[in-house]
Amino acid sequence: MAIRKSNKSPQTSALKQIVKRCSSFGKKNGYDQDGLPDDVPKGHFAVYVGENRSRYIIPISWLDRPEFQSLLQRAEEEFGFKHGMGLTIPCEEVVFRSLTEMIR
């Protein structure tokens with residue numbers, strides 16, 4: 001009997017929890033059970049960017065993009081993934097907007 005090792009990293013598990021918390025999965029009647037707003041379309045999640053923590057709604061598919069993964073690594077290094085503030089991306093808004101235009 002062979003033992004299969006999971007190729008999932010701890011970061012992948014943390015990202016799944018963040019996406020579930022920040023996305024539209026499981027939300028009802030405007031708010032979910034945790035009181036999070038229901039204005040995030042299915043298949044998207046919210047991130048907060050810049051000094052003013054401006055909120056952006058982005059597609060979950062971007063999690064596979066190397067450009068976005070780089071930002072996630074920076075977020076993990078600076079803030080960690082275990083905080084209640086939502087997924088905060090540590091870069092200037094202008095840089096983030098430029099990146100989103102390239103990804104689209």
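In which helix is Val94 found? Please describe that helix and the parts around it.

Modeller: The model is a predicted one, and Val94 is found in helix H3. Helix H3 spans residues 93-103. Val94 counts as exposed, because its relative accessibility is 57% and the cut-off for exposed is over 50%. Although Val94 and Gly50 are 44 residues apart in sequence, their C-alpha atoms are 8.7 Å apart in space.

Together with Glu101 and Met102, Val94 is carried on the face turned away from the buried side of the helix. The buried residues of H3 are Glu93, Phe96, Leu99, Thr100 and Ile103. These residues lie on the same side of H3, because they cover an arc of only 125° around the axis.

Phe96 counts as buried at 1% relative accessibility, and Tyr56 is buried with a relative accessible area of 19%, which is under the 20% cut-off. The ring centres of Tyr56 and Phe96 are 5.1 Å apart and the planes stand at 55°, so this pair is described as tilted. With Tyr56 in strand E2 and Phe96 in helix H3, the pair links distant parts of the chain, 40 residues apart.

A search of the whole structure finds 2 aromatic pairs. Phe45 and Phe68 also form an aromatic pair, in this case edge-to-face, with 6.3 Å from centre to centre and 80° between the planes. Because Phe45 belongs to strand E1 and Phe68 to helix H2, the pair ties together parts that are 23 residues apart in sequence. Phe45 is buried, with a relative accessible area of 0%, and Phe68 likewise counts as buried at 0% relative accessibility. A further ring, that of Tyr48, has the charged end of Arg53 sitting over it, 4.6 Å from the ring centre.

H2 has 14 residues, and the distance from its first C-alpha to its last is 20 Å, close to the 20 Å expected at 1.5 Å a residue. Its buried residues are Phe68, Leu71, Leu72 and Ala75. They cover an arc of only 100° around the axis, which puts them on the same side of H2. Pro66 and Glu77 are the exposed residues on the face of H2 turned away from its buried side. Just after H2, Gly80 takes a positive phi of about 75°.

A word on confidence is in order. The protein chain averages a pLDDT of 76, and 62% of the residues score at least 70. Confidence is highest in E2, at 92, and lowest in helix H1 (residues 10-22), at a mean of 60. Over residues 24-28 the pLDDT is below 50, and this stretch has 17 contacts in the model beyond near neighbours in sequence.

Methods: Residues are numbered from 1 along each chain as its sequence is written. This is a predicted model: local features need pLDDT of at least 70, side-chain atom pairs count only at pLDDT 80 or more; totals for chains, interfaces and linings use all residues. Side-chain values use heavy atoms; hydrogens and water are left out. Buried means under 20% relative accessible area, exposed over 50%, partly exposed in between (1.4 Å probe, protein chains only). Helices (H or I, at least four residues) and strands (E, at least two) are DSSP runs, numbered from the N terminus. The arc is that of the directions from the helix axis to the C-beta atoms. pLDDT is the predictor's confidence in each residue, from 0 to 100. Contact means heavy atoms within 4.5 Å. Rings of Phe, Tyr and Trp (its six-membered ring) pair if their centres lie within 6.5 Å; planes under 30 degrees apart count as stacked, over 60 as edge-to-face and the rest as tilted. A charge sits over a ring if NZ of Lys or CZ of Arg is within 6 Å of the ring centre and within 35 degrees of the ring normal. The expected span of a helix is 1.5 Å times one less than its number of residues.
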